Amino acid sequence: MNKTIRRSAVFTLLLVLALLVRATWVQFYEGTALAEDKDNRRNAIETYAAPLGNIIVGGDAVTGSARTKGGDLAYKRTYKDGELYAAVTGYASQSYAPTQLEGIYQDLLNGTDPRLKTVLDTLTRERSDPGDVITTIDPSVQRAAYEALGDKKGAAVAIDPKTGKILAVVSTPSYDPSSLTDANTAGAAWKKLTADPDKPLTNRALRQPLPPGSTFKLVVAAAALEDGLYPSVDVRTDSHDPYTLPGTTTELSNENPNAPCENASIRTALQYSCNNVFARMAVKLGQDKVRTMAEKFGFDDTDQDVPVRAYTSVYPSDMDESSTALTGIGQYDVTATPLQMAMVSAAIANDGKLVAPHMVSQITDGGGDVLKDYDSEAGTEEVVSASTAKQLRSAMETVVEDGTGTNARIGGATVGGKTGTAQHGEKNSKTPYAWFTSYAKAGGKEVAVAVVVEQSNAARSEVSGNGLAAPVAKAVMRAALKD
C-alpha cells in the first residue's frame, strides 16, 4: 500500500476512535450533568408535560395543575389559597427553581422519583404517575395564625408537643405562588416581589433568625434548674437591681422599674421579665452551660430539617462576661427563628422531651401507597428532666395569669407563656421585635406556639410581646384546641 495512503488511513482511524471516545464520554459521563442542567429546556418540557402530584393539607390538595394555551409546556402549577400556604408549599415555576416542599419533593411530584417506578414503567420507560406530599398542617390553625398576623410583618409556628407535628407555618406579608408559575408572567412578578422592601419571599417562620429577647430567659432558667444553681423556681436569687454588667459601668435596667426584681425568684423574674436576674444568672452559670442547654433545645443545629432546612438559631461563643450577661436576656448575638422558640415551649410542655418537629406526615405514590411515614420516624430527645419542665410550666403559667403575658389567657385552658421585646438596631434605634412563646392544654389536646412581630402599625411605646405577639398566639392556640 502506498505510504501516503497508509498514513492517511491510520490518521482517519485515530480520528474515528477519538470521536467514539468523546461520544462515549458525553453519553455516559456528561449526559447526567447535561440532562440536569437548569438551562436544559427539555427538563422543563418533561416536568410540565403532565399534571404534577399534589401537596395535601387537611385531606385536601392545596396545589393543582392547569392546561396551558400554546407553547411547549403543556401544564403549569396552580395554588388554592396560595398566600395562606406559601410558607409551606413554596412555588413550582416554569422559570425558577422550586422552593420549600415543592423543591424538596420535586422528583416525587413530577414522577421522576425512582421509588415511583413500577415494572411496567421500567419496561416502557414512561414517566411514573406522580406522588403526593401529605402535610401535618392543620388548616384551621394555619388560617388562625394568618388572619391574626394580618397586616403585621412577622411569623408564627405551631407544634403538637406530643407528636412533633407542625400545625402551622405562617410568614407575613405573604405572596401568591401562582404569580410565579407561568413562564410568560413570572419574570414581572419576580421582579416586583424581590424589589418589595417587606421581602414577602422570605420565610420568616423558618428562615429568618432574630434576637429572641426575653423569651430566651426560659433557656437560661432551664440551665439554672438543671445545673442545680437554684433548686426550684421559688428560691430567691442573688440579683442586684439594677445590675452592672461585669467589667463595665453599664447598668442593666428593667422594663418596669417598679417590678420586684431585686433577688427575685425565677418565677417572679419570669413573671415580670426581670433582666437583672437572668443576666446575672447567665454569668453565674457561664456561657458553656448556657450554650449546652440552648443546643439541647435546638440552637446551633446547622442541619435542622422539617424537612425544609431551617436557618440556624445561634447561641454565640468566645464571649466576655458582659456579653454573656446580655445573652441571658436574649440579646448580644443570640438569634432564633419562631420555629426554634416554639420548640422550646414544646419541650417544656412535653415533660422536657422534644419530639423532632416535622411538617410532612407521609409521602405516597400515584396509587396512594405510603412510601415514607415521617410521623412514625420522629425521634425524641430529653432536653430537661420532667421535674424541671414541671417547674418551668408552673412559672410560665404565672406569666400568663399574673404577669406580662395576660393577653394569652384562654378560658377553660391551661396556658403558659413568655413575652419578649428584643432590641433592634444600634442602641435600639429601630422598632423592637415583639415575641411570645407559649403552650396551651385543654380537653386532652395541647399545642406550642411561637410568634414574632417585626413591624406593625402600633406606636413604638406600644410594642411589646404581650401587646402584639400574645394575641396572635392566643388565636392560634384556641384554633388548635378546638379541633
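The following questions and answers set computed values for this predicted model against the definitions that classify them.

Local features need pLDDT of at least 70 and side-chain atom pairs count only at pLDDT 80 or more, while totals for chains, interfaces and linings use all residues. Residues are numbered from 1 along each chain as its sequence is written, and side-chain values use heavy atoms, with hydrogens and water left out.

Q: Why is Gln271 called buried?
A: Buried means under 20% relative accessible area, exposed means over 50%, and partly exposed lies in between (1.4 Å probe, protein chains only). Gln271 has 12% relative accessibility, and therefore counts as buried. This residue lies in helix 11 (residues 266-272), where helices (H or I, at least four residues) and strands (E, at least two) are DSSP runs, numbered from the N terminus.

Q: What does Gln271 touch, not counting residues up to four places away in sequence?
A: Contact means heavy atoms within 4.5 Å. With that sequence exclusion, Gln271 touches Thr398, Val399, Asp402, Gly403 and Thr404. A polar atom of the Gln271 side chain lies 3.0 Å from the backbone oxygen of Asp402. A polar contact is a pair of N or O atoms within 3.5 Å; within protein, one must be able to donate a hydrogen and the other to accept it, and residues adjacent in sequence count only if both atoms are side-chain atoms.

Q: What makes the meeting of Arg115 and Asp113 a salt bridge?
A: A salt bridge is a side-chain nitrogen of Lys or Arg within 4 Å of a carboxyl oxygen of Asp or Glu. The side chains of Arg115 and Asp113 meet at 2.8 Å, N to O. Arg115 counts as partly exposed because its relative accessibility is 44%, whereas Asp113 is buried because its relative accessible area is 8%.

Q: Which parts of the chain does the salt bridge of Asp227 and Lys289 link?
A: The side chains of Asp227 and Lys289 meet at 3.0 Å, N to O. This pair links distant parts of the chain, with Asp227 in helix 10 (residues 217-227) and Lys289 in helix 13 (residues 287-297), 62 residues apart. Asp227 is partly exposed because its relative accessible area is 37%, and Lys289 is partly exposed because its relative accessibility is 42%.

Q: What N to O distance is found in the salt bridge of Lys372 and Glu377?
A: The side chains of Lys372 and Glu377 meet at 3.9 Å, N to O. Salt bridges that share partners also join Asp81, Arg143 and Glu147 into one network. A search of the whole structure finds 15 salt bridges.

Q: How do you know that helix 3 is mostly covered?
A: In helix 3 (residues 82-89), 7 of its 8 residues are buried. These are Gly82, Leu84, Tyr85, Ala86, Ala87, Val88 and Thr89. Just after helix 3, Gly90 takes a positive phi of about 70 degrees.

Q: Why is Val308 called buried?
A: Val308 counts as buried because its relative accessibility is 4%. The residue lies in the loop between helix 13 and helix 14 (321-327). Not counting residues up to four places away in sequence, Val308 touches Gln100, Leu101, Ile104, Leu206 and Met359. Val308 and His358 are 50 residues apart in sequence and 8.8 Å apart in space, C-alpha to C-alpha.

Q: How do you know that strand 15 and strand 16 pair?
A: Two strands pair if DSSP finds at least two bridges between them. Strand 15 (residues 430-442) and strand 16 (residues 445-455) are joined by 9 bridges and run antiparallel, and therefore they pair. Val452 in strand 16 is the bridge partner of Trp435. The hairpin has 2 residues between the strands, and Gly443 there takes a positive phi near 55 degrees.

Q: Which peptide bond ending at Pro307 is cis?
A: The bond from Val306 to Pro307 is cis, with omega near 5 degrees. The bond from Thr172 to Pro173 is also cis, with omega near -5 degrees.
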